[in-house]
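Trainee: Could you take me through this model step by step, please?

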Amino acid sequence: MEQRKNAFEISVGIGLIVLCAAVLFESTNIGPPLYDPLGSAALPQMASVIIIAFSATMVFRALRRGRTLDGMVEPGSSVPSKPWIGLGFVALCISYLGLMATEITGFRTATILFVATSGILLAGFRPKAIAIVTLLALILGIGGRYLFTQVFYLDLP
Amino acid sequence: MRSDRISRKGMILAGAVAIGLWMGLAVPVQAAFPEKPVKVIVPVKPGGTIDTVARIFQKTIDENKLLPVPMAVVNKPGAAGAVGTRTVKDSEPDGHTIVIFHSGVVTAAASGVTDFDHNHFEIIAKTGEMPMGLGTAKDSSLNTVADLISGAKETPGGAFKYATNIGLPVHFLPLMVADQAGIKFGPVQAGGGVNRLNSVVGGHTKFGVFSVLDFLKYDAAGLQPVVLFAPERHAKLPNVPTAKESGYDVSWVEMRMWLAPKGTPKDRVDILAKALGDAMKAPELLKTFGELGMDATFGDGDSVKADLDDRLKRVKHIVDTVDVQFKK
Amino acid sequence: MEHFLAAFANLLTPVPFLHVLMGTAAGVFVGAVPGLTGGMLIALTLPLTFYMDSTLAMIMLVGMYVGSVAGGLISATLLRMPGTPSSIMTTFDGYPMARDGRPERALGIGIGASFVGGITAGVILALLSPPLSRWATTFGPWEYFTMTLMAVVLIASLSQGSMMKGLLSGVLGMLVAMPGLNPADGQLRLTFGFHTLDAGFKLLPVLLGVFVMSQVIKEAVNILNRPERVTMGQASVFLRLSEWRRHWVNLLRSSVIGTFIGILPGVGSSISSMVCYATAKGTSKNPEVFGTGSEEGIVASEAGNNANVGGALVPLVTMGIPGSPIDAILLGALILHNLQPGPLLFINNPDIVWAMIDSYLLANVLMLIIMLFAVRIIAKVMYIDRVFLLPTIFVFCMVGSYSLGSSFFDAAAVIGFGILGYCLERAKIPLGPFVIGFVLAPILERELRSGLMLSDGSYLPIVTRPLALIFVSVSVALLLYPVITEKWRKRRNAAKQA
């Protein structure tokens, strides 16, 4: 448990450093100050440098602390977490968006598919839950479309 | 970006398939325009004046059946209108996607904020005008243009500041006055109308550019009009002199205009222009215009183009000759 | 005063009243359901209000804000799981009391304290806002610049965990706000060649991602985690007025502290409730009971977090600076409805401002009634299976973000910021500063660069303008405080060992 929490600090830190390096690189394309003495590049560069410094410190501390931690458990995490369900859920979210963005299906079909599959994933194949989830999918897909376009005048894919 | 591109490809593909099927099945006849809803892109957030104008046109055209299909208003706000206008510029030039905006199109181009101007579009028409003018705080001692000029002479080198929104007309109008008077005003970025109002009324800057509607709306907040950049005095502000009366040849009446992507067929542009022109005769539309303080003037594409060409030239002159940029 | 009364009279007509009632009820319910927060509810509702009347939209959102902070109390007490982050301190005493067989009394105390905190803050809000907004019109770019700077430092240093991580989060939020056409001179930057980034990341997708999507991912990961619950007995949640007598000092103190912490820009309800809790414990005759079921603890926490809501509305309506991360959404709502936040809002749109202030007071009254009479029902239905909630919330996220500009980029941004938010939280980096940094960065940059245009490039006004000097001094002091205390501690330890 502890090791994994450290892993998040380390990987997030490294990710941020890479991101800010890219920002610093991209900021060289920003033109010189036009109407004011500071210009548009100064603040992004300053922010990037601060983030790199803090991230590096965080990674360094996490690495040093690595082995010496006692097995402190977060409150409420007595039940094992299921990273695979989370990952699967995110994957389904992305496919849902992808289905609509590529115009393979519209909002109605995509929503029904998404709610049904993700519900089944989260419910862990309990028959009763699956039945409710399927019903919910139909309500959200068909009713949602009506609600959003007719009542709230929103634009839907 | 990527999703947009894919979706457009998908759309073209679907369109091609549909047309293919249709050609195979039916006897080809001239497709009547418009055949599907006309999408009006509003490059600002829901609720602004441009949005209101777009929606009143949508309503009027639908209710009076001025087009055989409905109009769909879609907001694409961001970057002082550049996001929405760019979307339409890059759209399919079939008349089914158009944009409504103001002369910020030319000032943004002249000042280098965007890399395209009105020549990258087909101009459909202008619908409605609103004069702009200079405003100061009521509790200041600046009541005329002459006061502003002498103030700038007392604090030379651009130390006499005005509130601006960089790249838009409000940025360049004071510079045009300064250019003719042979003095310097210093711009201070404030942003939209209320931000400029705050800056001027709060005493942080000396003056700013506002529309007639702003002058009427912000009277209670302590804003007073000093001069209007209009050919003649405005009915609702009869005591405010025009720039010409004050001795400066600066005119800038803001307009609401409609643009289609470059290459949209002339007959389609004409159909749209006619629908807009007819809509402007509807009483309920005129009533909304009255509430917005806008003059219901209609202008066709050619006259608007000539006007915009002229404005672009004037702004370019300022950008090229006057020292608009910050120098230490 | 006339505006105040006129707005109240308007609020009591059926349509506005129903909107406040709906908002408050929805807020209480969502606040009570573990895993759903007020921020989520308000962010998800915002797109639905695009074509609503702006006053109705704002008063409904204010109702949601009030309801959700109060509703968190129910799950904090019965489940030892704060329904919203602001009720975290309530779990320490509410749950032990409930477990020991007094859940009704714990809830009754919490509800009463919430109400007093809310009303106190409402009165301060109504009295303080008009003069403050008049004063704020004299604030120039330098005052705004230093104030926003202070806000980011404040929330970073007051957030849980290390201050460095708080600052990291705040600065990252600011960086995320920077791509696109910048607010100062309209130049394009950091778009990496993508025109979809021209307008930058919009507020709503970022909020939906950080507030909503990250929680959805977290709940999906912990889907098997089911809280233990305490069921309510037959005892009444109504307390006699005389029973409040020994709490009144604590009540008033916590309400006032909560309000003023709320007024500090950027700082949210959870921090208020922590400070009030610590103060109550520090001044209590029996501090040892705190954490094992102390009524005083519940009073302090709940009065504090509800008072914070009202306090946090002060900088929002007077200066356009969000008083808490949730206020950032309300700020976005004002802008979406074309109401320019700032000191002139009081002059240009007095009807809206007063409607917000009055609806805050009304929402507190409605909250009291809803909570007292419906707490049993809410306690029964708040265990909705997350299996059904999570997909539904996500669908709402997608609809809300897409409808903003008919763009899939915004919808994709929700997922991206959700993943980012989840990872940041797992790395123990607080998300509050991120949101505040994101919202304030454009203001900060615009005001700094306007200030430099005004002073012709000189930074001197930071020290020559008195208010700016105060704000900067506070920021520097906040930054140095942990460093100095750490040094002192080390020196003292070294002295002890010698």
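Trainee: How many Å separate the centres of domain 1 of chain B and domain 2 of chain B?

Mentor: This is a predicted model, in which local features need pLDDT of at least 70 and side-chain atom pairs count only at pLDDT 80 or more, while totals for chains, interfaces and linings use all residues. Residues are numbered from 1 along each chain as its sequence is written, and chains are lettered from A and ligands numbered from 1 in the order in which they are written. In chain B, domain 1 covers 35–130 + 254–315 and domain 2 covers 131–252, with bounds from an automatic or database domain assignment. Taken over C-alpha atoms, their centres are separated by 27 Å.

Trainee: Which element gives the most to the side of domain 1 of chain B that touches domain 2 of chain B?

Mentor: The contact, where C-beta atoms placed from the backbone lie within 7 Å, takes 13 residues from domain 1 of chain B and 14 residues from domain 2 of chain B. On the domain 1 side, helix H4 (104–110) and helix H11 (301–321) of chain B each give two or more residues, helices being DSSP runs of H or I with at least four residues, numbered from the N terminus. The one that gives the most, with three residues, is H4(B).

Trainee: Is C:Tyr277 buried or exposed?

Mentor: C:Tyr277 lies in helix H11 (residues 269–283) of chain C. A residue is buried if 20 or more other C-beta atoms, placed from the backbone, lie within 10 Å of its own, exposed if 12 or fewer, and partly exposed in between. Because 28 other C-beta atoms lie within 10 Å, C:Tyr277 is buried.

Notes
Two residues are in contact if their C-beta atoms, placed from the backbone, lie within 7 Å.
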